[in-house]
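Keep the 3D view open while reading.

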Amino acid sequence: MRALLVTSVGVTCAAALILPLATPALAAPPPHTVSAGPPSLSPESPGAGPPAVRTAGLPAADSAGSTQSLPLEPLAAPSDRVAGAAAGQGLERRTARPFSLVGVVWDDAKAELHGTVQVRTRATGSADWSDWQDVETHNAEHAADLGSDERSSGGVRGATAPLWVGDSDGVEVRVRPEPAGPRGRSATAPLPEGMRLELVDPGPDPAPEPAAETAPEPARAAPAGRSAAVAAFAVNPAPPTTPVVLPEVLTAESEAASAVNAELAPLGATFIPALTKAQTEDAATIAAGAKPYIGPRPGIITRKGWGADERLRERQFAYTKTVKAAFVHHSATGNNYTCKQAPSVLRSIYRYHVQSSGWRDFGYNFAVDKCGNIYEGRAGGVTKAVLGAHTLGFNTNTMGIAVLGSYSSTNPPAAAVTAVSKLTAWKLGLFGRNPKGKVTLTSGGSNKYKAGAKVRMNVISGHRDGFATECPGARLYKKLGTARTTSAKLQGR
């Protein structure tokens, strides 16, 4: 067995892999998506169709997905307005180009939205509208740390959490400020300036491709428009044991995102196969004389596997020195998705994080769906200490895991909790961390700990441990003790 390397492969190594792409680090994100038509979509009327909309950095009809960005307007007194409530801003019912995820953004990333955001949508091809759905208003706690290059790039915006609504072509939104009284205010808090509704189309799933000769026999045919690999995960949480390799020529950006995992799977693989504990220990480097406390490597669906458009992200990768802890989150996107839709949910969140919120890449290092499938998140290599934008104040030397869904009042599926245990047993084991242990982290500044504060935390913590937030939801937070115990057992502790 080789000796365990507990720090990430540094930027020098990563730069060698992506040298042909090199751009100045943390270049400003792509310009924000805007409507190409009139100053907002026209209200829905008989015979009215969706307006022309273009997507920043990509052609208007790009098959990889798109974002419609609609400025909010002052609302007159709504028919269901509560007496004395502020009217706020929003958009009346209107038709739009198809979308599956919504969120609201505003100009100043430091501004808080003190109020409520609600949306209702119309399913594509239907005349029926959904009930009003609440959108989580506080999403800043997931952003890059204050003072970091990513946070100070000039392109970061304030944003709500994104909400998955499924395939839709009609929308209505209302944003209402909190009235005077709460939090000691003597007047209604003003809403942030420049609020816009973001309608995200994730684009189609990666097209089915012939599997490599070594791939397992497919148990079922993949439905049209979905990758065979993703279809297999969706109907059976146990993934194939051999990576599926797409034969097409990779773009430079896709090649770079795949090359950082080259020791784990072939270039262009959609899946990193699982290993047994013995295989994992043999593949890892273990310090001389040290007991290899590391869990078996779980199967991981790569960015290629869930269809990440690598043109959207910042080209260079950012790393920290090590991984001391894992922060568990819920995505707050709602639970109305199927496991077959999970790749679409990820592509939507990715586009919302980069093009709507102005981040350099997908914020979390990993994601887990309700069936227990594990996905590679922010690019840079699944074994490396990749700097994320998941826990404001504690992104350095940690990793973020998002369980897709909302778990404040809904219990997380056992498969998802088990997947968190497997992932942490392996990844934390690479860096010599005990899942049941404690660690001291230095705050970069948050609403809970001032910058420079030394904070003692669990090696597997919830988002709320580092920031005053409901995340990862009360029901998921209660499961973290189980995750710690299981993760430690998988490591052999």
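Helices here are DSSP runs of H or I with at least four residues, numbered from the N terminus. The model is predicted. With that in hand, take helix 4, residues 277-283. Lysine 277 and glutamate 281 both lie in helix 4. They are 4 residues apart, about one turn of the helix. Their side chains meet in a salt bridge, with N to O at 2.4 Å. Are the two partners buried or partly exposed? Lysine 277 is partly exposed, because its relative accessible area is 26% and the buried class ends under 20%. Glutamate 281 has 16% relative accessibility, so it counts as buried.

How many salt bridges does the whole structure hold? The search finds 14. Aspartate 107 and arginine 196 form one of them, at 3.0 Å from N to O. Aspartate 107 sits in the loop between strand 3 and strand 4. Arginine 196 belongs to strand 8, residues 196-201. Aspartate 107 is partly exposed at 45% relative accessibility. Arginine 196, at 14%, is buried.

Another bridge joins the side chains of arginine 303 and aspartate 361, 3.3 Å from N to O. Arginine 303 is in helix 5 (residues 303-306), and aspartate 361 is in the loop between helix 6 (342-356) and strand 12 (366-368), so the bridge ties together parts 58 residues apart in sequence. Arginine 303 and aspartate 361 are both buried. The pair is also part of a network. Salt bridges with shared partners join Arg303, Glu310, Arg313 and Asp361.

Now turn to the strands. Which strands pair with strand 7? Strand 3 runs antiparallel to strand 7, joined by 8 bridges. Leucine 101 has tryptophan 164 of strand 7 as its bridge partner. Strand 4 also pairs with strand 7 in the antiparallel sense, over 9 bridges. Glycine 115 stands opposite proline 177 in strand 7. In a regular strand the side chains alternate between the two faces of the sheet.

Strand 3, residues 89-106, also holds arginine 97. Why does arginine 97 count as buried? Its relative accessible area is 19%, and the class requires under 20%. The arginine 97 side chain makes a polar contact with the side chain of serine 66, at 2.5 Å. Valine 200 is 103 residues away from arginine 97 along the chain, yet their C-alpha atoms are separated by 9.6 Å.

Finally, look at the nonpolar cores. The largest has 65 residues. Which members touch the most others? They are Phe366, Ile401 and Leu404. Helix 7 (residues 414-430) supplies the largest share of this core, 8 residues. A second, separate core has 21 residues, including Val104, Val117, Leu163 and Val165.

Isoleucine 401 shows what such a position looks like. Leaving out residues up to four places away in sequence, isoleucine 401 touches Ala326, Phe327, Val328, His329, Phe366, Val368, Val420, Leu423 and Thr424. Among them is Phe366, another of the residues that touch the most other core members.

Note on methods: Residues are numbered from 1 along each chain as its sequence is written. This is a predicted model: local features need pLDDT of at least 70, side-chain atom pairs count only at pLDDT 80 or more; totals for chains, interfaces and linings use all residues. Side-chain values use heavy atoms; hydrogens and water are left out. A nonpolar core is a set of buried Ala, Val, Leu, Ile, Met, Phe, Trp, Tyr and Cys residues joined through side-chain atoms within 4.5 Å. Buried means under 20% relative accessible area, exposed over 50%, partly exposed in between (1.4 Å probe, protein chains only). Helices (H or I, at least four residues) and strands (E, at least two) are DSSP runs, numbered from the N terminus. Contact means heavy atoms within 4.5 Å. A polar contact is a pair of N or O atoms within 3.5 Å; within protein, one must be able to donate a hydrogen and the other to accept it, and residues adjacent in sequence count only if both atoms are side-chain atoms. A salt bridge is a side-chain nitrogen of Lys or Arg within 4 Å of a carboxyl oxygen of Asp or Glu. Two strands pair if DSSP finds at least two bridges between them.
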